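Colleague: Can you take me through this model? I'd like to start with the strands and then move on to the chain contacts.

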4 protein chains.
Amino acid sequence: MDIIAELRITPVGVGVSFSRYIAECERILTAENIKVRLHAEGTDIEGEFDDVMRAVKLCITALHDMGVPRLMLDLHISSRTDKLQTMEDKIQSVEAQL
Amino acid sequence: MDIIAELRITPVGVGVSFSRYIAECERILTAENIKVRLHAEGTDIEGEFDDVMRAVKLCITALHDMGVPRLMLDLHISSRTDKLQTMEDKIQSVEAQL
Amino acid sequence: MDIIAELRITPVGVGVSFSRYIAECERILTAENIKVRLHAEGTDIEGEFDDVMRAVKLCITALHDMGVPRLMLDLHISSRTDKLQTMEDKIQSVEAQL
Amino acid sequence: MDIIAELRITPVGVGVSFSRYIAECERILTAENIKVRLHAEGTDIEGEFDDVMRAVKLCITALHDMGVPRLMLDLHISSRTDKLQTMEDKIQSVEAQL
């Protein structure tokens with residue numbers, strides 16, 4: 001089951017700067033068999049459902065291991081059976097209309 | 001890894017009424033080893049990470065099998081290591097302040 | 001423009017307990033001309049777009065005034081022109097299928 | 001009140017292809033006094049709260065006018081008083097750690 005997803009991680013209880021924690025998750029995500037693209041408000045992901053979820057679980061564990069007592073994680077998943085579509089396809093189909 | 005989560009499912013390409021599809025997911029979620037509470041804009045869930053994700057994957061498969069060609073799924077996950085907390089605890093801690 | 005929405009507030013930089021801040025937002029929301037229903041992972045809202053957004057802005061200002069240096073706010077909005085629908089309608093249409 | 005936000009629009013009841021509707025919203029957003037950056041799963045936005053909300057409302061109206069009977073709109077808002085931060089700053093602070 002191939003999905004396109006977006007992941008946003010919000011560490012709580014470790015101050016107002018998140019970059020150290022988001023960078024650790026980027027390292028974890030890019031080491032997995034998924035495509036990853038960081039943007040200002042989250043990370044777009046393309047991959048197989050189980051691979052994405054294993055990576056997400058590794059991120060949660062890693063952040064708690066770094067001392068984060070509480071974290072929020074928002075995952076938006078898009079799944080379609082009517083056609084194959086990549087992250088690039090989605091952007092291009094909008095830009096083609098502009 | 002115990003989490004509290006919220007799941008919102010948006011079937012696309014099958015008209016404007018979602019209740020048939022959301023009801024099918026409710027049946028799947030309640031058959032799993034997780035706690036489930038439906039509200040107006042989604043379903044709150046309490047359970048173990050792997051159990052929740054298996055249920056989510058079953059929902060995606062079931063909806064595609066019902067003829068949904070495209071679906072969006074939003075999952076908000078809350079994980080904390082500092083204390084045990086249930087869905088009821090979260091509501092009560094706010095209501096205690098009101 | 002009548003909408004059904006869900007609001008989730010995540011204060012950052014003030015420790016791991018959110019109930020004090022969520023309770024303050026509940027007070028603000030219930031004082032406005034909108035319908036509000038707290039659940040474990042957020043607050044469902046029914047009202048006119050401008051009323052909801054004014055309440056959301058008041059929440060942001062109030063939390064910063066309480067000393068919250070950074071906050072995340074997730075707003076899910078549902079708008080439809082094909083029929084009138086309340087928060088109760090949405091839950092009942094799913095439960096009728098179960 | 002300056003915010004960084006992310007907007008995702010899901011038109012319902014008009015088939016499985018969204019690009020026409022997302023392009024229309026891009027046109028509306030870029031005509032407003034806000035910064036906009038399209039990515040695969042949404043659009044990042046930087047601007048003043050009232051300007052962003054006026055643009056969001058214009059998008060909802062425009063999509064209904066295009067014949068969309070139901071739509072979902074997800075808005076993630078980040079507000080901070082401790083420092084000025086742009087969308088570029090957020091990406092660079094993560095990339096500096098990688």
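**Strands and contacts**

Modeller: Strand E4 (residues 70-80) of chain A and E4(B) run antiparallel and are joined by eleven bridges. Strands here are DSSP runs of E with at least two residues, helices are runs of H or I with at least four, and both are numbered from the N terminus. Two strands pair if DSSP finds at least two bridges between them. This is a predicted model, in which local features need pLDDT of at least 70 and side-chain atom pairs count only at pLDDT 80 or more, while totals for chains, interfaces and linings use all residues. Residues are numbered from 1 along each chain as its sequence is written, chains are lettered from A and ligands numbered from 1 in the order in which they are written, and side-chain values use heavy atoms, with hydrogens and water left out.

Colleague: What stands opposite Asp74(A) in E4(B)?

Modeller: His76(B) does.

Colleague: And what is the strand order in that open sheet?

Modeller: The eight strands run E2(A)-E3(A)-E1(A)-E4(A)-E4(B)-E1(B)-E3(B)-E2(B), with antiparallel pairing. Strand E2 (35-39) of chain A and strand E2 (35-39) of chain B are the edge strands, each pairing on one side only. On average, neighbouring strands of this sheet are turned by 20° against each other, direction ignored; axes are lines fitted to C-alpha atoms, for helices over the stretch in contact, and angles run from 0 to 180 degrees between N-to-C directions.

Colleague: How many bridges join E1 to E3 in chain A?

Modeller: Six, between strand E1 (residues 2-12) and strand E3 (residues 42-48) of chain A, which run antiparallel. Glu6(A) stands opposite Asp44(A) in E3(A).

Colleague: Switching to the contact, how many residues come from chain B and chain A?

Modeller: Chain B gives 26 residues and chain A gives 26 residues, contact being heavy atoms within 4.5 Å. The buried area between them is about 2,300 Å², with 56% from carbon and sulfur atoms; that is the accessible area (1.4 Å probe) that two parts lose on being put together, summed over both.

Colleague: How many salt bridges across the interface of chain B and chain A?

Modeller: The rule finds two, taking a side-chain nitrogen of Lys or Arg within 4 Å of a carboxyl oxygen of Asp or Glu. Asp50(A) forms a salt bridge with Lys57(B), with the closest N and O atoms 2.9 Å apart.

Colleague: Which elements give two or more residues to the side of chain B that touches chain A?

Modeller: Helix H2 (49-65) and strand E4 (70-80) of chain B. E4(B) gives the most, with eleven residues.
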